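This report describes a protein fold for a reader who is new to structural analysis. Please examine the sequence and the model before reading on.

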Amino acid sequence: MDIPELLTVADFCDRYSIGKTSFYREVNAGRLKIRKFGAATRIARIDAEAWADALPVIEGEAA
């Protein structure tokens with residue numbers, strides 16, 4: 001059984017340069033999966049990468 005690498009909320013937010021409000025907005029919208037261990041919230045690296053890969057790519061002047 002592979003155990004996924006887990007990130008804390010703070011680590012996720014630092015890595016992807018978003019705030020906690022945006023983080024929880026993504027979770028509540030169902031776009032980001034979290035895992036709970038008691039009161040602790042963790043994000044599997046594979047889920048974090050899937051979330052980042054699903055973000056829209058904008059090219060041209062709008063970028």
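Strands β1 and β3 pair in the antiparallel sense over three bridges, where pairing requires that DSSP finds at least two bridges between two strands. The model is a predicted one, in which local features need pLDDT of at least 70, side-chain atom pairs count only at pLDDT 80 or more, and totals for chains, interfaces and linings use all residues. Residues are numbered from 1 along each chain as its sequence is written, and side-chain values use heavy atoms, with hydrogens and water left out. Strands (E, at least two residues) and helices (H or I, at least four) are DSSP runs, numbered from the N terminus.

**The sheet**

The three strands form an open sheet in the order β1-β3-β2, with antiparallel pairing. Its edge strands are β1 (6-8) and β2 (35-37), each of which pairs on one side only. On average, neighbouring strands of this sheet are turned by 45° against each other, direction ignored. In general, strands of a sheet pair through backbone hydrogen bonds, either parallel or antiparallel.

**Helix α1**

Helix α1 lies across β1 and β3 and runs at about 90° to β1. Such angles, from 0 to 180 degrees, are taken between the N-to-C directions of axes, which are lines fitted to C-alpha atoms, for helices over the stretch in contact. Which residues of α1 are buried? They are Val9, Phe12 and Cys13, where buried means under 20% relative accessible area, exposed over 50%, and partly exposed in between (1.4 Å probe, protein chains only). These three residues lie on the same side of α1 because they cover an arc of only 95° around the axis; the arc is that of the directions from the helix axis to the C-beta atoms. The buried residues of α1 pack against β1, α2, β3 and α3. Just after α1, Ser17 takes a positive phi of about 55°.

**Helix α2**

In α2 (residues 20-28), the buried residues include Phe23, Glu26 and Val27. They share one side of α2 because their arc around the axis is only 100°. On the other side of α2, Thr21 and Asn28 are exposed. The cover over the buried residues of α2 includes α1 (9-16), β3 (40-44) and α3 (45-54); contact here means heavy atoms within 4.5 Å.

**The nonpolar core**

The largest nonpolar core has ten residues, among them Leu7, Leu32, Ile43 and Trp51. Such a core is a set of buried Ala, Val, Leu, Ile, Met, Phe, Trp, Tyr and Cys residues joined through side-chain atoms within 4.5 Å. Helix α1 gives the most to this core, with three residues.

**Aromatic pairs**

A search of the whole structure finds five aromatic pairs. Rings of Phe, Tyr and Trp (its six-membered ring) pair if their centres lie within 6.5 Å; planes under 30 degrees apart count as stacked, over 60 as edge-to-face and the rest as tilted. Two of the pairs are listed below.

| Pair | Centre to centre | Between the planes | Class |
|---|---|---|---|
| Phe12 and Tyr16 | 4.8 Å | 40° | tilted |
| Phe23 and Tyr24 | 4.8 Å | 80° | edge-to-face |

Phe12 and Tyr16 are separated by about one helical turn because they are four residues apart in α1. Phe12 is buried because its relative accessibility is 0%, whereas Tyr16, at 22%, counts as partly exposed. One aromatic cluster is formed by Phe12, Tyr16, Phe23, Tyr24 and Trp51.
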